[in-house]
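Subject: Structure handover

Hello,

Here is the structure I promised to pass on. Please open it first, then read my notes below.

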Amino acid sequence: MSQAAKVLQLFKTLHRTRQQVFKNDARALEAARIKINEEFKCNKSETSPKKIEELIKIGSDVELILRTSVIQGIHTDHNTLKLVPRKDLLIENVLYCDPPTQKQ
């Protein structure tokens with residue numbers, strides 16, 4: 001796959017992830033859209049293949065963090081925030097627990 005195709009695929013993936021992570025939050029959706037577009041525009045004249053690969057890696061890491069670590073919160077009262085985790089986030093977020101040991 002060419003670098004241009006990788007960049008375009010990453011751009012689309014970031015926007016899809018943005019839509020899932022910030023669903024029903026117009027302000028966050030718009031802010032994320034602007035930031036993604038801004039970052040891609042800033043680096044659109046980059047020609048170094050090594051730098052482009054580095055930027056693709058950073059974008060992929062950002063997408064992974066958004067998808068696996070961001071939880072949406074909704075203000076319900078003055079000091080209350082209701083968390084709205086996505087289903088895929090709950091599946092991957094399993095605490096590690098050592099199996100019980102037998103007493104001797």
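Glu63 and Arg67 form a salt bridge, with their closest N and O atoms 3.0 Å apart. A salt bridge here is a side-chain nitrogen of Lys or Arg within 4 Å of a carboxyl oxygen of Asp or Glu. Both residues lie in helix α3, which runs over residues 49-69. They are four residues apart, about one turn of the helix. Helices (H or I, at least four residues) and strands (E, at least two) are DSSP runs, numbered from the N terminus. Glu63 is buried, at 8% relative accessible area. Arg67 is partly exposed, at 29%. Buried means under 20% relative accessible area, exposed means over 50%, and partly exposed is in between (1.4 Å probe, protein chains only).

Two notes on the source. This is a predicted model, in which local features need pLDDT of at least 70 and side-chain atom pairs count only at pLDDT 80 or more, while totals for chains, interfaces and linings use all residues. Residues are numbered from 1 along each chain as its sequence is written, and side-chain values use heavy atoms, leaving out hydrogens and water.

How many salt bridges does the structure hold? There are six. Two of them sit in helix α2: one joins Arg33 and Glu30, and another joins Lys35 and Glu39. For Arg33 and Glu30, the N to O distance is 2.6 Å. These two residues are three apart, about one turn of the helix. Arg33 is partly exposed at 30%, and Glu30 is partly exposed at 35%. For Lys35 and Glu39, the closest N and O atoms are 3.0 Å apart. They are four residues apart, again about one helical turn. Lys35 is partly exposed at 44%. Glu39 is partly exposed too, at 37%.

The cores

Which residues make up the largest nonpolar core? The six are Val21, Phe22, Ala28, Leu29, Ala32 and Leu66. Helix α2 (residues 26-42) gives the most to this core, with three residues. A second, separate core has five residues, including Leu10, Leu14, Ile36 and Ile56. A nonpolar core is a set of buried Ala, Val, Leu, Ile, Met, Phe, Trp, Tyr and Cys residues joined through side-chain atoms within 4.5 Å.

Helix α1

Helix α1 covers residues 3-21, 19 residues in total. From first C-alpha to last it reaches 26 Å, close to the expected 27 Å. That expected span is 1.5 Å times one less than the number of residues. Its buried residues are Leu10, Leu14, His15, Thr17, Arg18 and Val21. They lie on the same side of α1, because they cover an arc of only 160° around the axis. The arc is taken from the directions from the helix axis to the C-beta atoms. These buried residues pack against α2, α3 and β1 (72-75).

One last residue

Glu53 is in helix α3. It is partly exposed, at 33%. Glu53 touches Gln3 and Lys6, not counting residues up to four places away in sequence. Contact means heavy atoms within 4.5 Å. Glu53 and Gln3 are 50 residues apart along the chain, yet their C-alpha atoms are separated by 7.8 Å.

Best wishes
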